Amino acid sequence: MPTLSIGNCRQLSSALLSLMHEFRHEVFVKRLKWSLPASDGVERDQYDTASARYVVLTDDTDRITACARLLPTTESYMLPDLFPQLLGGVDTPRAWNIWELSRFATSVRETGEGRILALSKPTLDFLDQVLECAQRHNIRRLIFVTSIGVERLMLRAGVPAHRIGPPALVDGQLTVALFIEVEKEKAVAPAPAHLSLDLSHADAAGVAA
């Protein structure tokens with residue numbers, strides 16, 4: 001049975017954290033070929049601090065199938081540090097109830113046609129779990145940096161997201177920073193039957209760093 005684990009680096013087991021960093025390396029470094037800090041088959045960066053909160057989903061064999069990182073905007077976080085152009089001149093969001101969602105990654109699988117799918121409903125279900133976690137911690141908004149292609153898919157799927165600033169090119173890809181509203185009701189609508197959404201695919205990257 002799938003298990004959802006939520007906590008910081010002191011609350012989660014070292015074994016689970018190691019598996020999560022290996023999973024991130026598999027997704028972001030090996031599969032997507034992002035240029036990220038990585039060594040010995042793990043991916044971690046300067047934002048993996050004691051302040052980060054992790055949401056990790058494992059299956060009944062203890063294999064990680066999805067993970068996400070939440071960073072408080074009252075401390076250093078990715079949007080203003082790495083992508084200030086996406087703010088469009090507005091003030092940097094800094095509030096105790098606004099956090100940044102980054103390193104959102106989910107398992108992908110091959111279809112019979114050989115086309116890589118994202119998790120459609122499983123991906124949206126995991127995003128919903130992340131939003132429910134945020135709600136339980138009194139977070140009102142999440143900041144999310146993504147491609148405009150993923151933005152369109154998120155809006156079609158009913159994710160309550162809107163732009164912080166206009167899109168800008170990041171590493172040759174048109175990218176945008178979004179606010180995702182953490183609502184009291186269920187935040188993510190069921191995915192249409194035809195919709196396949198992979199927030200960790202190369203041209204649909206969840207976070208561009």
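Me: Why is Glu 151 called buried?

Reply: The model here is predicted, and in it Glu 151 has a relative accessibility of 7%; since buried means under 20% relative accessible area, Glu 151 counts as buried.

Me: What makes Arg 163 partly exposed?

Reply: Arg 163 has a relative accessibility of 40%, and because the partly exposed class lies between under 20% for buried and over 50% for exposed, Arg 163 counts as partly exposed.

Me: How do you know that Arg 163 and Glu 151 form a salt bridge?

Reply: The closest N and O atoms of Arg 163 and Glu 151 are 2.7 Å apart, and the rule asks for a side-chain nitrogen of Lys or Arg within 4 Å of a carboxyl oxygen of Asp or Glu, so the pair qualifies as a salt bridge. Arg 163 belongs to strand 10 (residues 161-163) and Glu 151 to helix 4 (residues 148-156), so this pair ties together parts that are 12 residues apart in sequence.

Me: Why is the contact of Glu 26 with Lys 30 called a salt bridge?

Reply: The N to O distance between their side chains is 3.5 Å, and because the limit is 4 Å, the pair of Glu 26 and Lys 30 counts as a salt bridge. Both residues lie in helix 1 (residues 14-31), 4 residues apart, which is about one turn of the helix. Glu 26 has a relative accessible area of 34% and is partly exposed, while Lys 30, with 46%, is partly exposed as well.

Me: What makes Glu 181 buried, and which residue does Glu 181 form a salt bridge with?

Reply: The relative accessible area of Glu 181 is 17%, and because buried means under 20%, Glu 181 is buried. Glu 181 forms its salt bridge with Arg 141, the closest N and O atoms being 2.8 Å apart. This pair links distant parts of the chain, with Glu 181 in strand 12 (residues 173-181) and Arg 141 in strand 9, 40 residues apart.

Me: How do you know that Arg 141 lies over the face of Phe 179?

Reply: Arg 141 is placed at 4.2 Å from the ring centre of Phe 179, and the distance part of the rule asks for CZ of Arg within 6 Å of the ring centre. Arg 103 likewise lies over the face of Phe 28, at 5.6 Å from the ring centre.

Me: Why is the aromatic pair of Phe 104 and Phe 126 called tilted?

Reply: By the rule used here there are 2 aromatic pairs. Phe 104 and Phe 126 are 5.3 Å apart from centre to centre, with 50° between the planes; because stacked planes are under 30 degrees apart and edge-to-face planes over 60, this pair is tilted. Phe 104 lies in strand 6 (residues 98-106) and Phe 126 in helix 3 (residues 120-136), 22 residues apart.

Me: What makes the pair of Phe 104 and Phe 144 edge-to-face?

Reply: The ring centres of Phe 104 and Phe 144 are 6.5 Å apart and their planes stand at 75°, so the pair is edge-to-face, given that this class begins over 60 degrees. Phe 144 is in strand 9 (residues 141-147), 40 residues apart from Phe 104 in strand 6. Phe 104, Phe 126 and Phe 144 form one aromatic cluster. Phe 104 is buried at 0% relative accessible area, Phe 144 counts as buried at 1%, and Phe 126 is buried too.

Me: Why is strand 4 described as largely enclosed by the rest of the structure?

Reply: In strand 4 (residues 53-58), 5 of the 6 residues are buried, so the strand is largely enclosed. Strand 4 runs antiparallel to strand 1 (residues 3-7), to which 5 bridges join it, and also antiparallel to strand 5 (residues 64-72), through 6 bridges.

Me: Where is the pLDDT below 50?

Reply: One such stretch is residues 110-119, and pLDDT also stays under 50 over residues 189-209. Where pLDDT is low, the predicted coordinates should not be read in detail.

How values were computed
Residues numbered from 1 in each chain as written. Predicted model: local features only at pLDDT ≥ 70, side-chain atom pairs only at ≥ 80, totals over all residues. Heavy atoms only, no water. Buried < 20%, exposed > 50% of the residue type's maximum accessible area, 1.4 Å probe, protein only. Helix = DSSP H or I, 4+ residues; strand = E, 2+ residues; numbered from the N terminus. Pairing = 2+ DSSP bridges. Phe/Tyr/Trp six-rings, centres within 6.5 Å; stacked < 30°, edge-to-face > 60°. Lys NZ or Arg CZ within 6 Å of the ring centre and 35° of its normal. pLDDT = per-residue confidence, 0-100. Contact = heavy atoms within 4.5 Å.
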